[in-house]
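Welcome! Please take a look at the structure below, and then let us walk through its charged pairs and its overall build together.

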Amino acid sequence: SGLILPISDFVLQNACKQLGRWRQQGHTDLRISVNLSGRQFQTPDLTKQILFAIRNAGIPAAYVELELTEQVLIENQESHTQFMHDMREHGITLAIDDFGVGYSSLSYLKHFPINALKIDRSFVSKIESSKQDETIIQTIIAMAKSLQMDLIAEGIESEAQLDYLIKSGCHDGQGFLLGRPIPADE
């Protein structure tokens with residue numbers, strides 16, 4: 001319907017403004033992550049939109065992380081590479097969201113300036129029941145460490161999952177066990 005572009009811009013603008021409000025309240029250690037859609041990459045002024053949102057909110061760019069899917073990375077690699085280098089030059093970090101469920105081409109990890117991998121929840125949810133998923137998680141953790149990338153596990157919902165991830169070397173995560181979505185003022 002074409003609504004993804006104005007919705008995505010709205011999300012970006014409001015996420016940055018909210019981080020600015022939290023920083024004014026003294027929460028200076030918080031960061032935000034914003035997903036970028038594939039359609040946004042077709043927008044010629046995406047870099048300007050992102051930098052405007054950050055400047056308008058009065059926040060440091062280093063506290064903004066943009067999440068990209070593997071699918072987005074493999075489409076039009078040349079222009080995406082320039083965009084990612086531009087973001088990194090401004091201090092914005094980049095993460096691959098839902099890592100492991102897309103094409104998982106390892107070659108883009110060395111070509112693109114990626115800061116972090118986010119382990120998809122589909123692997124995390126099966127830690128307790130699938131040796132294959134455990135092996136995949138351990139492999140992703142080892143790879144991220146050797147490439148000096150940050151690592152975030154998505155969808156942590158049990159103590160057993162959290163314990164396994166910590167013991168395996170993944171110390172950042174998100175999920176209902178760690179905190180459910182709440183209104184910004186809370």
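## Salt bridges and overall build

In this predicted model, the structure holds 4 salt bridges. We will visit the pairs one by one and then step back to the whole chain.

**The pair between two strands**

- Lys-118 and Glu-67 form a salt bridge, and their closest N and O atoms are 2.7 Å apart.
- This pair links distant parts of the chain, as Lys-118 sits in strand 4 (residues 116–119) and Glu-67 in strand 2 (residues 64–69), 51 residues apart.
- Both Lys-118 and Glu-67 are buried.
- A network of salt bridges links Glu-67, Lys-118 and Glu-154.

- Arg-121 and Glu-157 meet through their side chains in a salt bridge, with 2.7 Å from N to O.
- Arg-121 has a relative accessibility of 42%, so it counts as partly exposed.
- Glu-157 also counts as partly exposed, because its relative accessibility is 43%.

- The side chains of Lys-131 and Glu-134 meet in a salt bridge at 3.5 Å, N to O.
- Both residues lie in helix 7 (residues 131–146), where they are 3 residues apart, about one turn of the helix.

**The chain as a whole**

- The chain has 8 helices and 5 strands, and from the N terminus on its elements run α-β-α-β-α-α-β-α-β-α-α-β-α.
- Its radius of gyration is 17 Å, close to the 16 Å that the globule rule gives for 186 residues, so the chain is as compact as a globular protein of that length.
- Along its principal axes, the C-alpha trace spans about 45 × 40 × 35 Å.
- Among the contacts with a separation of 6 or more, 63% are between residues 24 or more positions apart.

**Surface and charge**

- Of the 186 residues, 44% count as buried.
- The accessible surface of the chain is about 10,300 Å², and 51% of it belongs to carbon and sulfur atoms.

Terms used
Residues are numbered from 1 along each chain as its sequence is written. This is a predicted model: local features need pLDDT of at least 70, side-chain atom pairs count only at pLDDT 80 or more; totals for chains, interfaces and linings use all residues. Side-chain values use heavy atoms; hydrogens and water are left out. Helices (H or I, at least four residues) and strands (E, at least two) are DSSP runs, numbered from the N terminus. Buried means under 20% relative accessible area, exposed over 50%, partly exposed in between (1.4 Å probe, protein chains only). The radius of gyration is taken over C-alpha atoms; the globule rule is 2.2 Å times the number of residues to the power 0.38. Contact means heavy atoms within 4.5 Å. Accessible areas come from the Shrake-Rupley method with a 1.4 Å probe; for residues, only the protein chains shown count as cover.
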